[in-house]
Amino acid sequence: MPQNANVLMIRHGEKPTQGDGLAVPGQERAQAYVVYFQNYFIGSQAVQFKYLFASEDSSASHRPLLTIEPLSKALGLKINDKHLDKDYQKVADNILQKPKYNNSDILICWHHGEILQLAQALGVDASKLPSTSNWPTSWPGDIYGWLLQLCYDANGNLNIAQVLCTNENLMYDDYGRNPPDGK
């Protein structure tokens with residue numbers, strides 16, 4: 001388990017009606033992430049990414065890579081895009097088992113169909129989260145602006161109080177699309 005690490009997870013940007021790239025709002029979201037993530041805090045600590053992950057391009061989608069490519073360039077970080085969308089367990093195993101991820105902030109951009117399973121593979125047990133986490137039971141196909149936050153303590157355990165799903169409120173279509181209220 002990664003020690004003193006934070007994993008942030010997002011869905012790729014908006015998809016076009018046809019094609020494998022990003023729609024104009026998705027391109028705008030990708031650009032907005034450059035500022036958003038350079039100003040993201042967990043508690044009083046600014047997040048400073050050391051690692052970026054995106055699912056591997058497929059014939060159906062290049063969106064995860066395209067979504068974080070501007071951030072990658074701004075930060076001078078390479079994107080690990082070696083895993084197919086359905087191979088989320090390999091990504092989780094990589095992060096959970098390699099000490100290089102200790103003391104790191106990590107961003108993962110994935111498809112909504114597997115993102116909650118990826119979080120589970122990283123140790124999230126939704127049944128043990130407090131209602132304040134607003135953890136969704138599913139990720140609707142028309143939601144792009146949610147962010148999942150996972151925080152690991154010095155022993156590599158998830159800090160349940162800091163595991164949450166939040167609305168980025170980054171783009172015009174994020175407003176009013178909050179994760180479910182866990183109450």
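Start with Tyr36 and Phe37: both of these residues are buried in this predicted model. A pair of aromatic rings is described by the distance of the centres and the angle of the planes. A search of the whole structure turns up nine aromatic pairs. For Tyr36 and Phe37, the ring centres are 5.0 Å apart and the planes sit at 80°, so this pair counts as edge-to-face.

Now look at another pair, Phe53 and Tyr101. Here the centres are 6.1 Å apart and the planes meet at 45°, so the pair is tilted. This pair links distant parts of the chain: Phe53 sits in strand β4 (residues 49-54), while Tyr101 is in the loop between α3 (88-97) and β6 (105-110), 48 residues away. Both Phe53 and Tyr101 are buried. One more ring to find while you're looking at side chains is Tyr144: the charged end of Arg11 sits over that ring, 3.9 Å from its centre.

Phe53 is also a handy way into the sheet, where it stands opposite Ile108 in β6. Strands of a sheet pair through backbone hydrogen bonds, either parallel or antiparallel. In this protein, six strands form an open sheet in the order β5-β4-β6-β1-β7-β8, with mixed pairing. The edges are β5 and β8 (164-167), each of which pairs on one side only.

Follow the pairings one at a time. Between β4 and β5 there are two bridges, and these strands run parallel; Leu52 has Ile79 as its bridge partner in β5. On to the next neighbour: β4 and β6 are joined by five bridges and also run parallel. Then comes β1 (residues 6-11), joined to β6 by six bridges, again in parallel. Within that pairing, Leu8 has Leu107 of β6 as its bridge partner.

What lies against the strands? Helix α3 lies across β4, β5 and β6, running at about 180° to β6. α4 packs on the sheet as well, where it touches β1, β6 and β7 (146-151), and its direction makes about 165° with that of β1. An α-helix has 3.6 residues a turn, so residues three or four places apart point the same way.

A few asparagines are worth a stop on the way out. Asn134 is in the loop between α4 and β7, and its phi is near 55°, a positive value in a residue other than glycine. With a relative accessible area of 22%, Asn134 is partly exposed. Asn169 belongs to the segment after β8 and has a positive phi of about 50°, although it is not a glycine. Asn169 is partly exposed, with a relative accessible area of 33%.

Asn178 is found in the segment after β8. Which residues does Asn178 contact, leaving aside its neighbours within four places in sequence? They are Trp146 and Asn167. Asn178 and Trp146 are 32 residues apart along the chain, yet their C-alpha atoms are separated by 7.7 Å.

Finally, zoom out to the whole protein. It has four helices and eight strands, and from the N terminus on, its elements run β-α-β-β-β-α-β-α-β-α-β-β. The radius of gyration is 15 Å, close to the 16 Å that the globule rule gives for 183 residues, so the protein is as compact as a globular protein of that length. Along the principal axes, the C-alpha atoms fill a box of roughly 45 × 35 × 30 Å. Buried residues make up 50% of the 183 residues. As for contacts with a separation of 6 or more, 73% of them come from residues 24 or more positions apart.

Methods. Residues are numbered from 1 along each chain as its sequence is written. This is a predicted model: local features need pLDDT of at least 70, side-chain atom pairs count only at pLDDT 80 or more; totals for chains, interfaces and linings use all residues. Side-chain values use heavy atoms; hydrogens and water are left out. Rings of Phe, Tyr and Trp (its six-membered ring) pair if their centres lie within 6.5 Å; planes under 30 degrees apart count as stacked, over 60 as edge-to-face and the rest as tilted. Buried means under 20% relative accessible area, exposed over 50%, partly exposed in between (1.4 Å probe, protein chains only). A charge sits over a ring if NZ of Lys or CZ of Arg is within 6 Å of the ring centre and within 35 degrees of the ring normal. Two strands pair if DSSP finds at least two bridges between them. Contact means heavy atoms within 4.5 Å. Axes are lines fitted to C-alpha atoms, for helices over the stretch in contact, and angles run from 0 to 180 degrees between N-to-C directions. The radius of gyration is taken over C-alpha atoms; the globule rule is 2.2 Å times the number of residues to the power 0.38.
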